[in-house]
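Here are a few notes to read alongside the model.

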Amino acid sequence: MWHDIEAKVDLLNFSLVAEVAAELIRDSGGAPLTIGVSGGWGVGKSSLVKMVGKVLEGEKGADKKYVFLEFNAWLYQGFDDARQALLQSVSDRLLEVASSRKTFVQEVLDLRHRIKWLRVGRMALPTVAGFIAGGTLGGPLGAVLGAAGGLVKSVDDVSREKELEKLKEAYGQLQPELAEVLKEKQPESLPKEIQGLRDAFEDILAKLDVTLVVLVDDLDRCLPDTAIATLEAMRLLLHVPRTAFIIAADEQMIRSAVRVHFGDADISDDLVTSYFDKLIQVPLRVPRLGINEVKVYVALLLAELAERRNRLPANAFAATQTALLASLKRAWTGGITHDVLKRAFGEHAAAMATEIDMAEQLAPVLVTAEQISGNPRLIKRFLNNLFIRDSVARAQGMTTGFDVLVKMQLFERCASSAAFEYLAKEVAGHDEGRLKVLADIEPALQKGEDYKAPDQSWSASFYEQWLKLNPPLAKTNLKPFLYLSRDRAPSMASYDELSAEARSVLEAALQADSVLPGLTAQFKTLSEQEAERVLVRLVRKTRSENWSGSSVTRCFNCTDAHPNLGGVLATGLREIPPKQRPPQIGPLLAKKVWATELIAEWKGDKETPEQLRNLLTIKGK
């Protein structure tokens with residue numbers, strides 16, 4: 001089994017990109033730098049960000065040149081102010097370094113006090129804005145709180161009184177320890193206090209003679225407000241000399257967050273780009289995996305498992321990894337062939353023959369199948385589920401060939417619902433569980449003849465590719481595999497189980513073919529996280545139904561209830577082949593702020609159906 005976490009070992013040849021990012025930090029000359037590592041879900045953003053840190057950590061004297069901090073904004077969503085959590089994490093890490101070096105500890109403690117004071121100031125300004133001329137944060141704050149409290153009681157504003165009580169409590173806790181940093185008799189305006197924090201931060205880094213490297217992960221999992229607050233904290237408060245931020249986030253999700261952040265303001269694409277460029281100086285995109293990369297990835301995953309199971313001796317995996325990644329760097333000279341894989345395994349090639357064949361055969365399909373598209377996370381889940389099913393089959397005494405199990409699971413993962421139902425029906429109708437229509441198709445394909453689909457649902461190119469894979473299935477009893485794939489084995493999509501309420505909403509949504517007020521209301525009863533899980537399944541179902549207009553339309557019930565999830569739907573809609581974009585969703589898109597960029601892209605694409613282009617109108621034009 002392989003864990004669904006960021007990789008600590010490079011199996012994807014990402015070290016080349018990591019070296020480029022590390023070189024940018026080295027060459028910055030101490031200037032502040034923000035690098036955005038972009039890519040879709042599961043492509044390896046987190047792994048690549050960690051690898052950049054690993055490259056820098058491997059430099060001679062790195063412990064004296066760099067201070068590393070890993071920050072996951074998603075952990076603080078709903079529990080704490082992400083901006084404050086980042087500032088606090090930075091000060092905590094600097095205190096660890098200063099304490100270990102036994103120098104400049106007091107300066108770091110002063111920085112921590114400023115951060116706490118800034119938090120009180122941010123709480124205070126909205127509450128007592130009418131009493132603090134110029135946003136003063138110094139000594140008058142105590143007196144102002146008392147005056148504001150009197151006014152609150154006089155107007156009987158209960159909610160405002162609660163805010164004020166929180167502020168008084170926080171101020172009372174901080175007042176003693178702040179006495180040496182911010183004198184009560186020397187009030188500062190909020191802008192001056194922010195600048196003071198920046199100056200103190202910059203001074204500490206200079207005195208410690210280090211560059212702070214912050215590795216930020218899971219930013220695109222956050223709600224828009226949290227994502228933007230974290231980015232702005234980096235840019236406005238911490239963007240000083242000797243800092244580098246490496247941020248893993250999908251660019252489209254961040255752009256959508258920018259639009260949501262500005263609410264109903266009608267901002268152009270250029271303004272969104274300018275804002276994004278201010279936050280992210282250097283965008284790096286995770287390279288998409290091709291057939292050669294997937295061959296190496298699958299081979300290395302299987303080799304890693306073989307070593308854990310003692311089928312390969314200790315250190316054999318490391319030697320194979322070195323050889324394959326070196327070959328991958330020269331793949332342009334001839335690709336990763338069967339012989340290249342065998343040479344990489346060396347004397348263990350015979351023992352790993354099945355794994356080598358599996359990597360070679362699966363790679364083209366795992367890359368070209370729309371439902372996987374070379375995504376490392378989906379490939380890993382595919383293999384995990386494969387070995388689970390193999391264990392279940394052996395435990396139940398099923399005589400299932402592993403190669404057939406691989407081929408059948410690939411079909412389940414990539415075939416449409418209609419195609420799977422056709423296969424199941426044909427197998428169930430045969431006494432020996434065979435797919436008799438393959439008796440003529442498989443030999444014809446082996447002879448190089450044209451593919452003739454046995455059913456309309458099997459007309460896509462995937463099915464031809466799948467049928468060409470070994471082994472042939474015409475004489476195989478497929479009933480045990482259907483039993484494993486649908487009745488008892490864990491679902492490949494079960495990584496985020498739904499609550500009973502969410503399952504009920506999903507079932508209702510799958511029956512809908514339009515936007516229904518009642519269904520939208522049901523979505524509103526779900527939390528945004530639960531609604532997102534339902535939306536992901538709706539998009540997946542829509543994909544399997546070849547993006548039909550009605551299946552796409554029903555997804556808008558979710559985004560109407562939770563507009564923040566518009567970016568999730570927009571990402572899915574971008575997968576629709578241009579000529580298949582359904583015209584009926586034009587009026588639905590035209591009303592959505594989150595769809596502005598998508599609308600511009602589709603209107604500018606000549607392959608978009610003319611009827612849809614005519615229906616699409618950008619808000620305000």
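1. Helix 12 (291–308) and helix 14 (338–345) are among the elements that cover the buried residues of helix 13. Helices here are DSSP runs (H or I, at least four residues), numbered from the N terminus, and buried means under 20% relative accessible area with a 1.4 Å probe, protein chains only.

2. A word on the source: this is a predicted model, where local features need pLDDT of at least 70, side-chain atom pairs count only at pLDDT 80 or more, and totals for chains, interfaces and linings use all residues. Residues are numbered from 1 along each chain as its sequence is written, and side-chain values use heavy atoms, leaving out hydrogens and water.

3. Which residues of helix 13 are buried? They are Ala-316, Phe-317, Thr-320, Gln-321, Leu-324, Leu-325, Ser-327 and Leu-328. Because they cover an arc of only 155° around the axis, they lie on the same side of helix 13; the arc is that of the directions from the helix axis to the C-beta atoms.

4. Do look at Arg-389, in helix 16 (residues 376–395). Arg-389 is buried, at 2% relative accessible area, and its side chain makes a polar contact of 2.5 Å with that of Glu-412. A polar contact is a pair of N or O atoms within 3.5 Å; within protein, one must be able to donate a hydrogen and the other to accept it, and residues adjacent in sequence count only if both atoms are side-chain atoms.

Note on methods. Helices (H or I, at least four residues) and strands (E, at least two) are DSSP runs, numbered from the N terminus. Buried means under 20% relative accessible area, exposed over 50%, partly exposed in between (1.4 Å probe, protein chains only). Contact means heavy atoms within 4.5 Å.
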